[in-house]
Structure formats: C-alpha cells, structure tokens
Amino acid sequence: MSGTSRADPLHLKPNREQDAPIYLQLYRRYQEAIASGRLRPGDRVPSVRSLASELGLARGTVEVAYQMLVGEGYFVARGAAGTVVSPRLGNLADASRAKTSTPPPGPSPRPQAPDHGAQPFQLGVPALDAFPRKTWTRLAGHTLRTLETVAMSYPDPAGYGPLRRAIAAYLGIARGIACTAEQVFVTAGYRGALELVRRTLLRTGDLGWYEDPGYIFARQFLERAGMRLAPVPVDEEGLNVRLGRQRAAEARFAVVTPTHQSPTGVALSLPRRLELLEWARHRRAWIVEDDYDSEFRYQGRPLPALKSLDRNERVLYTGTFSKVLFPGLRLAYLVVPASQAGKFRDMVNHLPDPGSALPQAMVADFMEQGHFTRHLRRMRPLYATRRGYLADALARMPGGRLHVQPQAGGIHILARLLTRQGDKRLALAAQADGLAVQALSDWRMRKSSQGGLLMGFANFVTAEDAAAAVRRLEAVLERG
Ligand SMILES: Cc1ncc(COP(=O)(O)O)c(C=O)c1O
C-alpha cells in the first residue's frame, strides 16, 4: 500500500454552473485523479464528512459519489480505517483513462473485481457487497439508544435473552424445530458450539463419526481438542450410516451436515436420517447437526432439519450467522435437547462467554424487525444468479477437465477433476495465483483417487467476474 496521502479537495471543487450534477462531477474528478496517477492504489481519501464540509456540500452529495466509486471498485471502504483507493487497481490507469471520456452513470466496465475482502472462489464467505449496511448502521444507533441498562451489565453467558428468543422463533418456522429460548445457547462461532458440546457431554478421547470428506476446520478443531474421529464415507445419499456402524459401532457421537453435506452438497436421505437417529437412540450417542447454510437452496423447498425428527433427544443442533449475515460477527448458536438444557446452563457459567452483548442485541433487533427474513429473501435469488455465473463459466471451459456436480444448495460448487492431475497441487498453484480454490483431497480423511476443486461463488458480482476468474483457473489447469 502506498501510504495514506489524502487527495487535495481543492482540486475536486465542483462547479455549480456545469450541466453535470455535483455528485457526478466529484465522481469523475476522482476517476481522473486515479487514471492520471495523482491518486494511487492504497491512497486514503478524505472522509465524506470532511470533504463535504471543506467543499461546502451536503454530505449526501459526497456520499452518492463515494458509493458509486466503492460500488465500481475504485474505492474500498475500510470502516474506521477510512476509505482508500482500491489496492487492487494496479493496472487501472489505462482502462480508466479510456473510460473518463464516457460519462457515467450507467453500467460501466469494471476492470477488476471490487475489493470485497474475499479472493475469487473464496469458500464460506457470503456476498459481502450485498449486506444491507445502511439498515445495519441505522439499527446500530437504534440498538444503542434502546439498550436496556441490564444489557449493559455483565451479559448472560448463555447469550442475550432477546436473541435466544428470536432464534427459537425463527427455527420453529424456518427449520421445523420446536424449542424454547432456554434450549438455545449463543456461541462464539461454530467452534464455540462444538466446544460447549464437548465440555458438557463428551470426554477427551471419545470416538466420533466424521463425514469423509468433511468440513476440515471442525475436524482439525476436534482432533486438537483430543477427540478421536472415525472417517465415515459420504455417498450420494450423504453419510453412510451402515459403514459407520460397521467401522466404529462404539462411537459416542457423530458430526453431520445433513442439509448440504460439506463439501459435497448432497442431502442426507430420509432412510439414512432415520437410521442415524435410531443408531444414536440405541447407542445413547449424540448427533451434532451442523446446519451451516440451509437457508440457501435453489431446487425444491429447504429440507427440514434432522433435529425436527429427533424424538429421543439425541440431536444437538448448530446454526451460524456467518453465512446469513457475515462471518466477522462470530455469532453461532446451539440448540440442545430440553432434558440437557440444565447441564448446558451450568456449563456456560464456567466457560468463556460468547462475547459482547451489543452485536447480539443488534442481531436480535435485525431479526425482530423483519430485516433478517427480508435479507434472506433477497439473497436466495442473488446466490442462484451468482451460482449460474460460475456454473456457466465452468461449462464453457474447453477440454473436459472438470465436471460440476449438480448441487441443490449452498454457496460453493464442487467440480470433480476428470484428468489425472493432483487436486492438491492444482489448488496450491491456483492459490499462488490469488485464486482461493481448495482441493477436495484436503477435506478427506482417507486417500481417494477422485480429486476435485471447491469453489465459492458468492462474491462473483457479475458474469464477467466469474468468467475472468475461470479463465485464470483454466491457465493454472493448462500449466498442470
Ligand atoms: C461446514 C461448516 N460448518 C460451520 C461453519 C460455520 O462456522 P462459523 O460459525 O465458525 O463461521 C462453516 C463456515 O464456513 C462451515 O463451512
């Protein structure tokens, strides 16, 4: 980054006599300054407030110009750290020079993907550009103004009460889970939920079933916490329960992603669900249901949670706000069987709590005021479109190197490798080129000859973004 020099606002003084509205003049001046090299990638620009006051303009006018510049990838807003010229605009000068002669607004070519803080193909990161920041900001003020004094004291280690109630209500409607707020525990991310289960119900060294392939980060977390994990193969019906019983009948727990298996995307079939629940009943084992991105499904209706079939109180259900809001929140939750709620309540009193009540209060308000449902309603078609961008770009790739598995939901795609190239080596080469694809083999516990590449699509804002990333991936595959 090239320092924190500020653009001289005097050079940007707008002329009220000109035909173009003031925001447009500001917008163009910045484009020109970037194209001519007067402003370089990484340079800090004045805040909206200070520029507005220096130029004697309404804040809204400057804000509109800045929003256009952020939206088109010229600027990156970095919260308290200020707004900077996108560090990714290394090669922009020429393209931008050509562009300054054609007046915006209207769809403008974006030479490079805007900086969303996510690399192309980044897994697990939702569409950060589409997060309703304005609503969130408004809510922050509201939440602070209305926060009861009791919420400013030491927070409940089980989570902020209104958020627990909002989660229980949401799960009843959206996931078919009948639970009370007392069964809901707010945690610091999914790992916080796993840790709470481990500390409350399991002992170090206990054996558990783990999907193979399966979510690598939770696997590493559990192994480091001293749990033993038995790989259980996943096929087109999800976790193969019969093989689990054969290979590790004595297991005390199973961790599963029944809605969209991570990473293959398949759903656990109903016969397998019943078989798994029956095994848990019989063995008095615990099932951890990781329902991390069930909200996003593109074919058919969302499947009910496994927990909704749990008649014998063996399922511990986990959900996260990382996909439906944003991962920086670090907020997830655990729903425990009613019979275990007392034990969990006792345990949370002796563990690090899930963090500040403030973000929890904001999420509670966000849910209660209907923004959450609206946001989800908006994100589903958006993800379907972005998924289409990536699937189409991959389908146009020549050479029959990849086969995209049809997946009904989620925010990533799994492409099987049809060549004999090693997926780990390819993923490493792609990562060295700034592409965040991951190798399926890295998510496996047992070796397999079937390689694949995992690719997130949530942050492909346009078809061209996806096509450009796929072209770069193609070059990596060609180099082999
Ligand atoms: C399979 C799976 N489970 C759970 C999570 C959620 O983890 P967290 O709440 O820590 O963000 C993720 C996030 O990527 C995931 O991919």
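**Close-up views of a predicted model**

**View 1. A salt bridge links Glu-195 and Arg-198.** The side chains of these two residues meet at 2.9 Å, N to O. The structure shown is a predicted model. Side chains of opposite charge can pair when their charged atoms come close. Where do Glu-195 and Arg-198 lie? Both belong to helix 7, which covers residues 189-201. They stand three residues apart, about one turn of the helix. The total for the model is 14 salt bridges.

**View 2. Ten named residues form the shell around the ligand.** Look for Gly-189, Tyr-190, Tyr-215, Ser-262 and Asp-290. Then find Tyr-292, Thr-320, Ser-322, Lys-323 and Arg-330. How many residues of this shell are nonpolar, polar and charged? Three are nonpolar, four are polar and three are charged. The ligand takes up the space of the second largest pocket.

**View 3. Polar side-chain atoms reach the ligand.** Start with Asp-290. One of its polar side-chain atoms lies 2.5 Å from a nitrogen atom of the ligand. Thr-320 places a polar side-chain atom 2.7 Å from a ligand oxygen atom. For Lys-323, a polar side-chain atom is 2.6 Å from an oxygen atom of the ligand. How much of the ligand's accessible area does the protein cover? On its own, the ligand has 390 Å² of accessible area, and the protein covers 89% of that.

**View 4. Asp-212 and Pro-213 are joined by a cis peptide bond.** Omega here is about 0°. Pro-213 sits in the loop between strand 5 (207-212) and helix 8 (216-224).

**View 5. A cis peptide bond also runs from Ser-262 to Pro-263.** Its omega is near 15°. Pro-263 belongs to the loop between strand 8 (253-256) and helix 10 (270-283).

**View 6. Glu-313 has a positive phi.** What is the value? Phi is near 60°, in a residue other than glycine. Glu-313 is placed in the loop between strand 9 (286-290) and strand 10 (315-320).

Methods:
Residues numbered from 1 in each chain as written. Predicted model: local features only at pLDDT ≥ 70, side-chain atom pairs only at ≥ 80, totals over all residues. Heavy atoms only, no water. Near = heavy atom within 4 Å. Polar contact = N/O pair within 3.5 Å; in protein donor to acceptor, adjacent residues only side chain to side chain. Areas by Shrake-Rupley, 256 points an atom, 1.4 Å probe, with all protein chains shown as cover. 1 Å grid on protein atoms, 1.4 Å probe; cavity = no way out; pocket = protein on both sides within 12 Å on 5 of 7 lines; lining within 4 Å. Sits in = over half its atoms within 2 Å of the grid points. Nonpolar A, V, L, I, M, F, W, Y, C, P; charged D, E, K, R; others polar. Salt bridge = Lys/Arg side-chain N within 4 Å of Asp/Glu carboxyl O. Helix = DSSP H or I, 4+ residues; strand = E, 2+ residues; numbered from the N terminus.
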